[in-house]
Amino acid sequence: MTSSPIHSWALATVAGDSGPVACLETNDGLYRLEPSLARAGRAGVSRVIDLFDDWDAARGEIDSAVATLDPADLVPADATRLSPLLYPGKVLCAGANYYRHMAEMGFPVDSKESQRLFFFFKPSRNAVVGEGPTVHMPLDTKAFDWEVELAIVIGKTARNVTPEQALSHIAGYTVGVDFCARDLNKAPEQFYKLDWVAGKAQESCCPLGPRFVPADALPNAQDTRLRLSVNDVAKQDDTTADMIFTIAEQIATASKIMTLDPGDVLLTGTPAGVGAAKQTFLSIGDRVEASIEGIGTLINTIQPPKTSAA
C-alpha cells in the first residue's frame with residue numbers, strides 16, 4: 001500500500017486506459033492534474049515534467065488548484081503508479097556517499113577531506129520505472145543488489161553554483177532505488193577496474209516514486225530517515241545525516257561538471273545495509289520496499305530478465 005503524503009499536496013503519475021495520467025495528490029486522493037490546473041488558470045499541462053519549465057510559477061498554480069479540486073477528477077485509488085516524472089532529462093547518481101556504507105564495504109572514511117565525490121548516470125527512459133512488477137533482473141548477473149536513495153528533482157537551472165546557493169535550485173524529492181549488478185560492475189582484469197554502465201545502468205533499475213513532494217515537505221532533508229526491506233526483512237535503516245557530502249555540496253559539485261536542468265534527478269547515495277556487505281543478493285520474486293520519511297514507500301517486485309524490447 002502506498003502511504004499518504006504528509007505535505008498538503010504531492011505530484012504523481014498513474015497508468016490510465018489510454019496512457020500515463022499526471023495527478024495532483026492530496027490526503028483525499030489522486031486528482032487528474034490537467035483539469036485541476038486548468039481551473040487555476042494553467043491550461044494544457046498533461047505531464048508532471050512540464051511543470052519544471054517554470055517551477056516557481058507552477059508552485060503557485062498548484063496551490064491554487066488544491067483549493068478548487070473537483071471530485072469528478074479523481075482517479076481510482078488503486079491505479080498503478082508510474083514514476084512521478086516521465087521522464088527526467090538526466091539521472092545522476094552519487095557514489096559511495098555514506099560513512100557507514102563505506103565502512104561496511106571495507107573502506108572506512110577517516111576524514112571527509114580524503115574523499116572525492118563522484119557521479120555516474122542511469123539512462124532516463126530505459127532505467128526509470130514506477131512501482132510494482134517493473135524491475136527486471138539484469139541479464140547474466142548473480143549479484144543483484146539494492147540501494148535506497150533520496151532523489152532530488154532540480155527546479156531551477158544550476159551551473160557552477162555554490163553550496164550556499166544550491167538548495168534554492170531544488171524543486172522537491174522522491175524515493176529512488178539504485179538497483180545494481182555488483183558482479184557486472186567489476187572489471188578487475190581491465191586497467192579501468194570498474195564498469196559503471198554494466199553495473200549501474202541496467203534496464204529498469206531506477207524505480208522512482210511513489211510520488212514527488214515539494215522541497216518544503218522535507219524541511220530537514222539533511223536528517224531524514226531512509227529504510228529498505230526485502231521480503232519484509234529490514235536491510236537498510238539510517239538517515240541522510242550520515243552523508244559524507246551534503247545535498248548542497250552534491251548539487252554544487254555536479255553543477256561544476258555540467259549544467260543541471262529543471263526536471264533533472266540526482267540520487268544522493270545510499271546508507272549501510274546493502275546486500276554486497278554480506279554477499280546476500282536479490283532473487284526473482286523478491287519484494288523490495290523502500291521508504292523515506294515525508295515521502296512514502298515505493299514497492300517493487302523483482303521480475304525475470306527482460307530479453308527483448310517488447
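How many of the five residues in strand E4 (residues 91–95) are buried? Five of the five are, so to speak: strand E4 is mostly covered. Here, buried means under 20% relative accessible area with a 1.4 Å probe, protein chains only. Strands are DSSP runs of at least two residues, numbered from the N terminus.

A quick word on the model. It's a predicted one, where local features need pLDDT of at least 70, side-chain atom pairs count only at pLDDT 80 or more, and totals for chains, interfaces and linings use all residues. Residues are numbered from 1 along each chain as its sequence is written, and side-chain values use heavy atoms, leaving out hydrogens and water.

Back to E4: Val91, Cys93 and Gly95 are buried on one side, and Leu92 and Ala94 are buried on the other. Strand E10 (residues 170–177) is mostly covered too, with eight of its eight residues buried.

Each of these strands has pairing partners (pairing takes at least two DSSP bridges between two strands):

| Pair | Sense | Bridges | Residues standing opposite |
|---|---|---|---|
| E4 and E5 (residues 118–122) | antiparallel | five | leucine 92 and phenylalanine 121 |
| E4 and E17 (residues 265–267) | parallel | three | valine 91 and valine 265 |
| E9 (residues 148–154) and E10 | antiparallel | seven | glutamate 149 and glycine 176 |

Now for serine 291, which sits in strand E18 (residues 287–292). Leaving aside residues up to four places away in sequence, serine 291 touches Val148, Arg225, Leu226, Arg227, Gly296 and Thr297, with contact meaning heavy atoms within 4.5 Å.

Notes. Buried < 20%, exposed > 50% of the residue type's maximum accessible area, 1.4 Å probe, protein only. Helix = DSSP H or I, 4+ residues; strand = E, 2+ residues; numbered from the N terminus.
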